[in-house]
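Good morning, everyone, and thank you for making time. Please have a look at the sequence and the model on the screen, and I will then walk you through a few parts of it.

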Amino acid sequence: MSITSTPNLTGAPTIGTAKGLSTQEAVERLKKFGPNAIPRQKPHPIRVFLLKFWAPVPWMLEVTCALEIILHKPVEAIIIGLLLAANAVLGFVEEHRAQAALEILRHRLEINARVLRDGKWLLLPARELVPGDCIYLRMGDMVPADARLIEGNIEVDQSALTGESTPVELAPGGDARSGSVVKRGESAAEITATGAKSFFGKTAELVRGAKTVGHMEQIIFSIVKYLLVMDVTLVVIVLVYAFAVGMAWSVILPFALILLVASVPVALPATFTLAQAAASLEMADNNVLVTRLSAIQELAGMQQLCCDKTGTLTLNELAVEKVQALNGTAEQDVLAFAAQTCDAGTQDPIDMAILEKYQENSVPTFRWQREKLIPFDPATKRAEAELQLNGKKARCIKGAPTALAALCKNAENGLKQAELLAAQGNRVVGVAAQTDGDLKMIGLLSLRDPPRPESADTIAKLQALGIRVRMVTGDGETTARAISIQLGIGNKSADRSAIEKGQLDADVFAGVFPEDKIALVRQLQQRHIITGMTGDGVNDAPALKQAEVGIAVSNATDVARAAASLVLTKPGVSHLTDAVKIGRKVYRRMLTYTTNKVTKTIQVALFLSLGLLITGSLVTTPRLVLLLLFANDFVTMSLAGDRVTPSPHPDRWNIRVLMGSSAVIAISWLLYCFAVFYVGRHFLPLPATQTLVFLALVFSGLSTVYLVRETGALWKSRPGSFLLWATIGDVLAVSALAVFGILMAPVPIVMVLALLVATIAMMLVLDVVKKPLLRRLGGLQGGDA
């Protein structure tokens with residue numbers, strides 16, 4: 001890479017001890033150490049798309065498709081291939097759209113740095129910096145790489161790196177970390193580490209090493225496993241029976257193959273993807289960007305939420321919380337004198353906090369005029385102003401209480417008061433004035449990073465939804481506990497050693513490092529607790545990636561956004577409760593779909609196999625079974641947008657209970673279908689009876705949708721419009737095919753109408769039976785949170 005040079009900067013500082021590098025040295029080091037950038041892993045789109053075909057359900061469909069080709073069934077093979085492709089395209093397109101939106105969020109202007117090269121100060125892109133370079137830092141600069149100060153004193157904001165909201169003072173020999181922001185002062189510094197070797201880069205590597213634990217594939221695979229075991233058993237029994245009675249293999253093999261297809265929840269992945277894609281659009285309208293669709297399902301089951309404090313629950317803005325007057329001085333005068341030592345032009349957080357407080361509580365009687373301002377010096381830890389009033393001189397000083405105590409007489413009481421305020425976790429600033437006589441300490445200012453106005457209400461709502469909220473921060477324990485109590489999180493605090501010991505009962509973990517946050521998330525996951533993590537800084541990124549639900553707030557750093565699965569696009573976390581409710585609606589829809597699908601699969605598989613064993617003939621044809629799959633899936637996929645009510649507690653999948661509940665309903669419909677078959681055989685020939693059975697399977701499948709979408713009476717809530725019209729359209733379509741004999745033997749319309757009435761009556765009976773089953777299924781919420 002070539003080194004880009006620009007004209008020498010005018011007015012550049014003179015650094016006595018720093019020589020910088022020559023252009024040749026910089027080129028050689030750039031080749032050795034690489035650019036000052038963190039490499040991003042971006043998989044090829046084709047690979048991402050092909051991975052959509054690499055999962056348990058696609059495997060089963062691919063095998064079935066291959067068998068269809070071997071048996072010279074090209075139409076069936078094409079149909080199954082189209083189902084596979086549709087699912088893959090849907091998932092790929094929706095996730096690609098979310099990633100494209102994230103790229104827009106990541107876009108930012110390139111950072112430049114003042115660099116000493118060949119004895120001249122140049123302005124170069126930060127990516128061209130190398131270890132050994134001498135850079136110059138001024139107020140407002142972002143530190144472009146890890147550097148050690150050579151000359152000058154600065155104050156830096158490291159909140160995006162460490163979570164500590166209070167600026168850090170650095171003197172020569174001090175280390176400035178990449179990604180921090182210079183809030184005050186100027187300094188020359190020598191680059192010590194760049195790119196992945198810097199503090200920022202090492203944290204990014206932690207993100208890369210983190211692996212999200214997803215439950216979506218586990219859920220689908222568990223369902224498929226149960227159905228596959230049942231189906232393989234039935235297929236084996238059918239094949240043994242066929243061999244025993246001498247049935248032709250050309251008849252029984254297609255039947256066994258269709259039985260296999262009927263047991264595979266073909267549309268399950270597609271429906272999950274469709275529901276989550278629709279939810280992602282709804283979340284976008286609620287200022288939540290979804291970057292990983294599976295996180296929507298995880299959001300429904302989230303039991304604990306680990307929140308970073310600085311910038312997430314707080315404003316990341318210092319504010320004056322208390323004015324402590326001393327030596328008989330009025331609080332308003334303390335604030336007024338302190339304001340004289342402030343300069344809004346520096347945008348210093350302490351100065352801005354004091355000035356904002358003073359504007360809220362200005363003193364009309366305060367008439368001192370400032371003649372001179374000596375800005376804050378990190379070396380002396382104080383700022384000073386010279387005042388005058390009608391020719392009378394005065395001065396006031398603001399700074400560290402210990403620094404002021406060395407200048408004032410009888411300051412012991414002030415120091416004690418400062419210690420008490422500091423014990424509450426506050427940043428304490430002393431104020432001294434000399435209007436006549438000696439300089440004396442007149443008061444103290446207690447500053448704190450205040451919580452966001454909506455944070456307490458958001459936490460209360462999350463707790464009402466059954467989610468335990470914890471605070472995880474790099475701040476001191478006293479400060480963190482005070483904020484936690486104020487927000488209603490809890491008062492039990494612990495330091496980072498508690499995480500190392502596995503003692504996770506605290507409400508607040510303070511003084512933690514990035515590796516502690518990811519360790520906490522992993523320990524919670526080992527206890528089978530679905531965990532969420534919110535944050536904004538680089539220090540949050542590894543835990544954001546590891547958590548099932550990683551949530552980056554609107555002002556998050558680039559690394560944090562890339563690691564998260566959800567990105568809030570508006571300040572604060574108030575939209576998080578809406579996101580949780582949307583996630584739980586998706587769960588409710590998917591629970592309805594899955595219960596319905598499992599019920600119908602058990603019903604159809606048992607009916608086809610037992611029908612053959614009991615009657616000695618096919619109760620319906622393989623072609624009608626394929627039509628049945630499409631007729632059912634056409635309606636059940638509309639459940640992705642059904643009208644539902646979110647549960648008040650975290651939702652968890654329990655596959656055993658789901659399978660048991662589904663089996664009871666399925667066996668009830670199984671008996672009904674056998675009754676339809678025998679009635680049909682009494683009045684109709686076998687081909688027409690097979691058509692009637694096909695209609696019974698379709699009608700009972702539609703009835704199951706309405707049975708399982710409500711734990712109470714099926715008329716308790718109105719279904720979504722799409723579901724309602726899809727049902728009506730499905731009934732009319734299959735009825736017309738049956739009456740006119742299209743793709744099947746014809747059946748009299750009277751028989752079709754009688755079957756429809758009988759199915760509705762059976763549905764009302766099962767509506768009473770299903771209530772205890774579905775209440776048990778709907779009660780699988782929460783866990784130890």
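Predicted model: local features only at pLDDT ≥ 70, side-chain atom pairs only at ≥ 80, totals over all residues.

Let me begin with the largest nonpolar core, which has 109 residues, and of these M283 and F607 touch the most other members. By a nonpolar core I mean a set of buried Ala, Val, Leu, Ile, Met, Phe, Trp, Tyr and Cys residues joined through side-chain atoms within 4.5 Å, where buried stands for under 20% relative accessible area, exposed for over 50%, and partly exposed for what lies in between, with a 1.4 Å probe and protein chains only. The largest share of this core, 17 residues, is supplied by helix α22, residues 576-615. Apart from it there is a second, separate core of 28 residues, which includes L355, I442, L445 and L447. In soluble globular proteins, nonpolar side chains tend to be buried together.

Residues are numbered from 1 along each chain as its sequence is written, and side-chain values use heavy atoms, with hydrogens and water left out.

Coming back to M283, and leaving aside residues up to four places away in sequence, M283 touches V288, V290, I296, L299, L566, A579, I582 and G583, where contact means heavy atoms within 4.5 Å.

Now to the sheet. Six strands form an open sheet, 6 strands in the order β12-β17-β16-β15-β14-β13, with antiparallel pairing; helices (H or I, at least four residues) and strands (E, at least two) are DSSP runs numbered from the N terminus, and two strands pair if DSSP finds at least two bridges between them. Its edge strands are β12 and β13 (369-377), each of which pairs on one side only. Within the sheet, β14 (residues 382-389) and β15 (residues 392-399) run antiparallel and are joined by 8 bridges, and A383 has K398 in β15 as its bridge partner.

Finally, which residue has a positive phi of about 55 degrees although it is not a glycine? That is N327, found in the loop between β12 (319-325) and α12 (331-340), and N327 is partly exposed, with a relative accessible area of 46%. H528, also not a glycine, has a positive phi near 65 degrees; H528 sits in the loop between α19 (514-526) and β21 (531-535) and is exposed, at a relative accessible area of 60%.
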